[in-house]
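Please keep the sequence and the model in view while reading.

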Amino acid sequence: MLTLLHCGRNVLTFRTIQTINKSYYSSQMAKRVAVVLAGCGVYDGTEIHEASAVLVHLSRGGATVNMFAPNMEQMHVVNHLKGEPSEEKRNVLVESARLARGKVQDLSKLSVKEHDAIIFPGGFGAAKNLCTWAVKGKDCSVNDEVKAVLQAFHGEGKPIGLCCISPVIAAKVFPGCEVTVGIEKDDKYPNTTDTAAAITELGCKHVNKSVSESHVDEKNKLVTTSAFMCEAPIHEIYDGIGTMVKDVLKLA
């Protein structure tokens, strides 16, 4: 009798846990997230590890994902083995298809009404193709479609996630916003101090956060993390992006 009662309690507990888990993941399944790519490869496109981390954490969070990229020529093409530009020309949308396993759409087709949040992985493509920060710094221009999409999500009060160098796009589009690109005056973040200074010159606030953390600008619903702006082991970058994704889903 005691054995049966004990077993019954275990079954009840197990079923309760199943119900709670099902309820949690069902609510997360409602989150429809757009991920914007900028090519394929750290030096001239999207940083592959960052994009993969974003997708894994979104999958673990139960979100559905659609990927987008602008249909435009890359600023230039970099030979990733030699680390130097080559003469060839490549298209951002076509290159992004490599990362998306072919399932990527033209950014012009992205509907804010059909998504609950949007995320921008980093990589030099964010600073070369989505905007011209890599060449002009704070005086850069943002791709018209990228700017329109950001303003649309912001206008609807929907969260925007950005990692690595991509937070500079938000700083250019949303004056007065708060972002992080790492920790200033720290050798582990070699490019953060100058980038943070430029962000401040744009009238925005830079918040020092470690690679494992994200910063949430509650007013603008911006969630940022430094990712490869930090010279850290890849698992730390992966975990920091996970924190960003979780915070985005909480706001969605």
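## Basis and overall make-up

Helices (H or I, at least four residues) and strands (E, at least two) are DSSP runs, numbered from the N terminus. On that basis the protein chain has nine helices and eleven strands. The model is predicted, so local features need pLDDT of at least 70 and side-chain atom pairs count only at pLDDT 80 or more, while totals for chains, interfaces and linings use all residues. Residues are numbered from 1 along each chain as its sequence is written, and side-chain values use heavy atoms, with hydrogens and water left out.

A residue is termed buried under 20% relative accessible area, exposed over 50%, and partly exposed in between (1.4 Å probe, protein chains only). Of the 252 residues of the protein chain, 48% count as buried. A contact means heavy atoms within 4.5 Å. Among contacts between residues at least 6 apart in sequence, 73% join residues at least 24 apart.

## Helix H6

The expected span of a helix is 1.5 Å times one less than its number of residues. The buried residues in H6 are Val 146, Val 149, Leu 150 and Phe 153. Seen down the helix axis, the buried residues of H6 fall within an arc of 95°, so they line one face of the helix; the arc is that of the directions from the helix axis to the C-beta atoms. Packing partners of these buried residues are strand E6 (117-120), strand E7 (160-163) and helix H7 (167-173). The face turned away from the buried side carries the exposed residues Asp 144 and Gly 155.

At the N-terminal end, H6 is capped by Asn 143, which has a side-chain oxygen 2.9 Å from the backbone nitrogen of Glu 145. A polar contact is a pair of N or O atoms within 3.5 Å; within protein, one must be able to donate a hydrogen and the other to accept it, and residues adjacent in sequence count only if both atoms are side-chain atoms. Just after H6, Gly 157 takes a positive phi of about 70°.

## Helix H9

Helix H9 (residues 234-251) has 18 residues and reaches 26 Å from its first C-alpha to its last, close to the 26 Å expected at 1.5 Å a residue. Buried residues in H9 include Ile 237, Gly 240, Ile 241, Met 244 and Asp 247.

## A buried aspartate

Asp 44 lies in the loop between strand E1 (32-36) and helix H2 (48-60). Asp 44 is buried yet has no salt bridge, the nearest side chain of opposite charge being Arg 90, 5.8 Å away. A salt bridge is a side-chain nitrogen of Lys or Arg within 4 Å of a carboxyl oxygen of Asp or Glu; Lys and Arg count as positive and Asp and Glu as negative, whereas His and the chain ends are not counted. Leaving aside residues up to four places away in sequence, Asp 44 touches residues including Gln 74, His 76, His 80, Phe 124 and Asn 129.

## Exposed loop residues

Arg 101, in the loop between helix H3 (92-99) and strand E5 (104-106), has a positive phi of about 55° although it is not a glycine. Arg 101 is exposed, with a relative accessible area of 76%. Lys 185, in the loop between strand E8 (178-179) and helix H8 (192-201), likewise has a positive phi of about 55° without being a glycine. Its relative accessible area is 78%, and Lys 185 is exposed.
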